[in-house]
Amino acid sequence: MSSARALSIATLAAVAAALIIGCDSRKPTGEAAAGKPDAAAPAAAAGTPEVRKAVAPPADDRFAAQIAANLPRVPDPAIQVPEGGGAGAELDNATFRDRTIAFVRQVAAGGDKVACALSLSSKRPFRAVVMGFQEGKQIARAEASDAGLCVALKEATRRAVAAAGGAREALAGARLVVELPDHHESMVESVERKGKGVELTQGLVPVRALDKALLAKRIEDGKGYLLRVIDPLHKGVHKYYHAPQDRFEDELHTIYTASTALTLLKLHAYKPDERLLRQATEAAGFMMGMQSREARDRTAGAFFYAFDLERKRPERRLVVGTASKSIFTLIELHGVTKEKKYLESAVIAADWLISMQRPDGSVRSALAGQEGGTWKVQGKESTLYTGQVLSALSRTYRATNNKKYLDAAAQTADLLLARIAKQGCFLGDDYRKPNPISSSWAVMSLLDFVRASGDQRIEQTVFRCADDLVKRQWRRPEDAYRYGRWQRSLSSSGSGWLAEVMSEVHHHCRQKGMTGCDRYKDAVVAAIRQILQYTYGPENSFMVKDPQAAAGGVFWSVRDRYVRTDSVCHAMNAYLNMIDELGDGPLLALPERPLAERMALAAESASAGAADAGLAEEDGEESDEAAAGQSGPKDEASDD
């Protein structure tokens, strides 16, 4: 596979700068935080694949004028090689990155002499790219090439200083990113180890070792993030946090409020905290305020999709997914507080869901408000919505013991069973090609129905389809970028949801006393490791304006670095479901290949290209984003 397919921080920053102008405050359409090198088109917003195909990669010449004007006054230090410092290809990866960052810092400081212990040998010249980021903004980028690595790094650094203004202190407060694109090496300056280097893989700081202590830390970080995403006045929750610009969109979303409140209740069960329970009940107050009570137009029980903070009114759109996820939270809150109002709200929502069912068990997606006050039915069928409705009706039956809800759930369960019998476990719908998210909703909803009905025939289908998903998980240990992800599920929300589903299947397997349950646990652990790579923390927040505000947020993808609330909720639910099942030792380790092999040092160019095989996006996968749910109907993307 051509190395031109690999993601580059340099291209990432260039594309982000080109597309961020004119971004819509409601949606993260201007926040493509990454792109492809020159051989591929850059990414725009998720959900707008036609933009990706149409926009040409911008040339990153933003700093050309500054470099030309300021380079003459940037010191040009003499390079000194310490005795025994030319360890060459015998350097290990960590030492190489530490020495590289330290050397770049020396050059940026503007001295007369610099020491460089990086005498590596390669058949191809070293092309060095040096960048500086400050408060999430790229303030410098420059590159240079030379047969000697030290010379290439020195010249690229001098030019980066010129790009930042030319003063000795120009890069003093910036985070450094250094790339050797032709040798498949990228690193960012460490926050936790000042002056040292941290590995970047495809624009991510990879998680190569996972243990319970790291997971517990991320649970605390995620809790802090979810508390910050709640609107302090209305108590609803934002869908998007635009981390590079440090802002929320100007809407509050009922379904994300429900998901956040449900995760807060899980956190409260994990470690009782009255503040979490209070925040969950306040969020439920917002949800119930968004519930229609209009029996005359047959919308009673439905929930308005979003509240517009500018217009101070709900959006006239009623989606079955919003009602379903709200039912999950209301039933859970009733179980904790025993307050009847929550169950009553869930019951009328379930009644509305039944009104949206067709006789064959399929589900109408939504009602859209029209001029004059009428409602238009959106009839396309979604496996996500169908699964959500089945889960909601099954849970309502368990909470009420009213057979009406079990009978309605059985209609939809039979529909899914017939579809699986005909098409197999890998499912799509009117919006998507077959994909793991739609398939996992079939698994989760049928599992909820099994818990309500005890139907062992359907239970067998649950495990069969869960096993099908396990087999589709990416588990090549040499590929830290994708290890634990599912093909055709490109977002962090998708990975989180699949991890959450597998954790539920694991628990059910254990509760039934079955053998082989660890295959589901192993799938969750692998997915958790992958999700942690997409979680903002000290080391990978160099492209965000306020790292503390972003901490614990799970950004959408390498290209789109906004945080969507469900990404955090799904990840946290999986963490909380599994943490007590895990031992205290290492859970998973993905060792890095030796430096000489990975960078193809002293090798021919063709070998260097082969050294990065398997790290770029697999052929054709980008075109499958719609199949992974990224261009589905509004609100349905909540469970991508």
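The following questions and answers concern the predicted model shown above.

User: What percentage of the residues of the chain count as buried?
Analyst: A residue is buried under 20% relative accessible area, exposed over 50%, and partly exposed in between (1.4 Å probe, protein chains only). The chain has 640 residues, and the share that counts as buried is 60%.

User: How many helices and strands are there in the chain?
Analyst: Helices (H or I, at least four residues) and strands (E, at least two) are DSSP runs, numbered from the N terminus. The chain has 20 helices and 18 strands.

User: How many disulfides does the cysteine rule give?
Analyst: A disulfide is a pair of cysteine sulfur atoms within 2.5 Å. Cys116 and Cys150 form one, with their sulfur atoms 2.0 Å apart; Cys425 and Cys465 form another, at 2.1 Å. Cys509 is joined to Cys517 at 2.0 Å. By this rule the count is three.

User: Why is the disulfide of Cys116 and Cys150 left-handed, and which parts of the chain does the pair link?
Analyst: The torsion about the S-S bond of Cys116 and Cys150 is about -80 degrees, so the disulfide is left-handed. The pair lies 34 residues apart and links distant parts of the chain: the loop between β2 (113–115) and β3 (126–134), which holds Cys116, and helix α5 (residues 149–163), which holds Cys150.

User: Is Cys465 buried or exposed?
Analyst: Cys465 pairs with Cys425 in a disulfide, and Cys425 counts as buried at 9% relative accessibility. Cys465 has a relative accessible area of 3%, and is therefore buried.

User: How are Glu220 and Lys223 placed in helix α6?
Analyst: A salt bridge is a side-chain nitrogen of Lys or Arg within 4 Å of a carboxyl oxygen of Asp or Glu, and the side chains of Glu220 and Lys223 form one at 3.2 Å, N to O. Glu220 is partly exposed at 33% relative accessibility, whereas Lys223 is buried at 15%. Because they are three residues apart in helix α6 (residues 212–228), they are separated by about one helical turn.

User: Which residue in β13 is the bridge partner of Asp308?
Analyst: Strand β12 (residues 306–308) runs antiparallel to β13, and two bridges join them. Asp308 is buried at 8% relative accessibility, and its side chain also meets that of Arg311 in a salt bridge of 2.6 Å, N to O. In β13, the bridge partner of Asp308 is Arg313.

User: Which residues are linked with Asp76 in a network of salt bridges?
Analyst: The structure holds 38 salt bridges. Asp76 belongs to a network of them together with Lys154, Glu155 and Arg158.

Note on methods: Residues are numbered from 1 along each chain as its sequence is written. This is a predicted model: local features need pLDDT of at least 70, side-chain atom pairs count only at pLDDT 80 or more; totals for chains, interfaces and linings use all residues. Side-chain values use heavy atoms; hydrogens and water are left out. Two strands pair if DSSP finds at least two bridges between them.
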